[in-house]
Amino acid sequence: DGIGEWYAEKEWTLSALEKKLRGQVMKNVFRSSDSRFLYFKSSKDATAAPGKPSLRREAMKFEEFLSHSRKSTGSASTDTSESARGNQKDKKTNKRPDHVYLYGEPLPSPLREELEKSNLVKFMKFSGCGAKRDREKRHNDGKESENALNSTSTLLWVAGEESKPSVSPLHYDMSHGLILQLHGEKKILLFDPGHSDAFYPHDINGPYDRQSQIDNVRSPGKDFPLSKGIGGKQCVLKKGEVLFLPFGHWHQVESPPASVAVTVRWNPFADTIRSSTTMRCVALGLANGSPALPPSVACVLYEQMLKTLPSEVTGILMQRFVNEKSRAHRSETS
């Protein structure tokens with residue numbers, strides 16, 4: 001019941017958000033030449049992979065973001081009929097405007113205060129995502145308060161008034177997560193982390209780490225034969241509903257127009273992963289100076305440290321380690 005006691009959909013419509021966030025700059029407005037939105041670390045990485053959409057990230061005010069989303073539909077409001085959407089072109093360039101999506105924006109203060117009224121904070125503390133590193137301590141009348149959500153792990157996702165859904169292609173996150181659907185809906189395709197090889201992940205050292213090379217898992221195509229026949233689950237997340245996404249589970253997210261959601265992420269395994277980093281670097285030959293252990297021994301010890309984690313988490317981390325090791329070996333021999 002983390003959403004039911006306080007949730008009021010009317011507070012999360014596009015028009016309501018436009019009023020609350022007017023004048024506030026959103027730093028994570030992603031532009032795509034189509035409706036696919038892959039995460040990338042910096043602007044220079046935006047078009048690094050062949051066959052991927054032209055992507056870039058820019059900052060703009062929230063009302064400007066909504067205005068851009070309307071340009072691709074020719075609409076001034078979400079009430080515009082479907083027949084009027086989709087094929088509008090810029091009169092000067094004769095090109096369709098880029099598809100825009102507010103992609104994981106650190107939750108702005110007015111909205112964060114709304115979530116802090118909920119039972120969500122209590123849940124976070126109970127589940128372990130309320131650890132000290134994932135909380136903000138605030139001062140209220142001279143007293144510290146921990147009833148706060150961290151703005152970097154609590155993110156806002158908004159699909160504006162585009163004609164097509166905004167799609168985050170198949171990927172996984174190295175954290176647990178909650179998706180709170182506050183307006184509209186999302187379609188989420190979920191797959192077990194054991195299928196990683198069949199999803200042809202990008203190079204972990206490249207711009208599209210943790211993301212599949214498959215553009216649309218609904219129709220992978222003949223270039224990805226291992227993915228054929230792999231069964232997953234589809235969840236249609238409606239307004240007022242919450243979905244828990246476990247660490248490492250592959251998922252594709254489709255956000256129709258006027259979809260508004262907030263995600264909360266936390267990593268209960270962070271301490272173990274952090275403490276094993278030195279051993280991992282020694283095993284990969286990346287340690288500075290003269291390591292006390294040979295890489296082969298460090299590799300065994302690293303794997304033993306990870307075995308204290310749940311098996312699916314260990315599997316993901318070991319797969320990443322093996323891929324890094326193979327890449328390092330190729331670099332040495334080339």
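The structure holds 16 salt bridges, a salt bridge being a side-chain nitrogen of Lys or Arg within 4 Å of a carboxyl oxygen of Asp or Glu. This is a predicted model: local features need pLDDT of at least 70, side-chain atom pairs count only at pLDDT 80 or more, and totals for chains, interfaces and linings use all residues. Residues are numbered from 1 along each chain as its sequence is written, and side-chain values use heavy atoms, with hydrogens and water left out.

**Whole chain**

Start with a cartoon view. The protein has 8 helices and 13 strands. Both are DSSP runs numbered from the N terminus: helices are H or I with at least four residues, strands are E with at least two. Colour by accessibility next. Of the 334 residues, 46% are buried. Buried means under 20% relative accessible area, exposed means over 50%, and partly exposed is in between, with a 1.4 Å probe and protein chains only. Now turn to contacts, meaning heavy atoms within 4.5 Å. Among those between residues at least 6 apart in sequence, 79% join residues at least 24 apart.

**Stop 1: E18 and R70**

Select E18 and R70. Their side chains form a salt bridge, at 3.4 Å from N to O. The pair ties distant parts of the chain together: E18 sits in helix 1, R70 in helix 2, and 52 residues separate them. E18 counts as buried because its relative accessible area is 15%. R70 is buried too, at 17%. E18, R22, R70 and E161 are linked in a network of salt bridges.

**Stop 2: helix 2**

Keep R70 and select residues 62-71. This is helix 2, which is mostly covered, with 7 of its 10 residues buried. The buried residues are F62, E63, F65, L66, H68, S69 and R70. What covers them? The cover includes helix 1 (14-21), strand 1, strand 2 (55-61), strand 3 and strand 6.

**Stop 3: R31 and D98**

Select R31 and D98. Here the closest N and O atoms of the salt bridge are 3.9 Å apart. This pair also links distant parts of the chain: R31 lies in strand 1, D98 in the loop between helix 2 and strand 3, 67 residues apart. Is R31 buried or exposed? R31 has 10% relative accessibility, so it counts as buried. D98, at 22%, counts as partly exposed.

**Stop 4: E162**

Go to the loop between strand 6 and strand 7, where E162 is found. Its relative accessibility is 3%, so E162 counts as buried. Show the backbone of V100 as well. The E162 side chain reaches the V100 backbone nitrogen at 2.8 Å. That is a polar contact: a pair of N or O atoms within 3.5 Å, where within protein one must be able to donate a hydrogen and the other to accept it, and residues adjacent in sequence count only if both atoms are side-chain atoms.

**Stop 5: the largest pocket**

Rolling a probe the size of a water molecule over the atoms shows where empty space is left. The largest pocket has a volume of about 430 Å³. A pocket is an open set of points on a 1 Å grid over the protein atoms alone, where a 1.4 Å probe fits, with protein on both sides within 12 Å along at least five of seven lines; lining residues have an atom within 4 Å of a point. Grid points are joined across faces, edges and corners, and a volume is the space filled by probe spheres set on the points.

Select Y103, W157, H171, D173 and R265. Of the 27 lining residues, these are the closest to the pocket centre. Several strands each supply at least two lining residues, among them strand 1 (25-32), strand 3 (99-106), strand 6 (154-159) and strand 7 (166-171). The lining divides into 12 nonpolar, 9 polar and 6 charged residues. Ala, Val, Leu, Ile, Met, Phe, Trp, Tyr, Cys and Pro count as nonpolar, Asp, Glu, Lys and Arg as charged, and the others, Gly among them, as polar.

**Stop 6: positive phi**

Most residues other than glycine have a negative phi. Select Y200, in the loop between strand 9 (185-191) and strand 10 (233-238). Its phi is positive, about 50°. Then select A258, in the loop between strand 12 and strand 13. Phi of A258 is near 65°. A258 is buried, at 13% relative accessibility.

**Stop 7: helix 5**

Finish with R274 and D271. They form a salt bridge, with closest N and O atoms 3.0 Å apart. Both lie in helix 5 (residues 270-275), 3 residues apart, about one turn of the helix. R274 is partly exposed, at 49% relative accessible area. D271 is partly exposed as well, at 48%.
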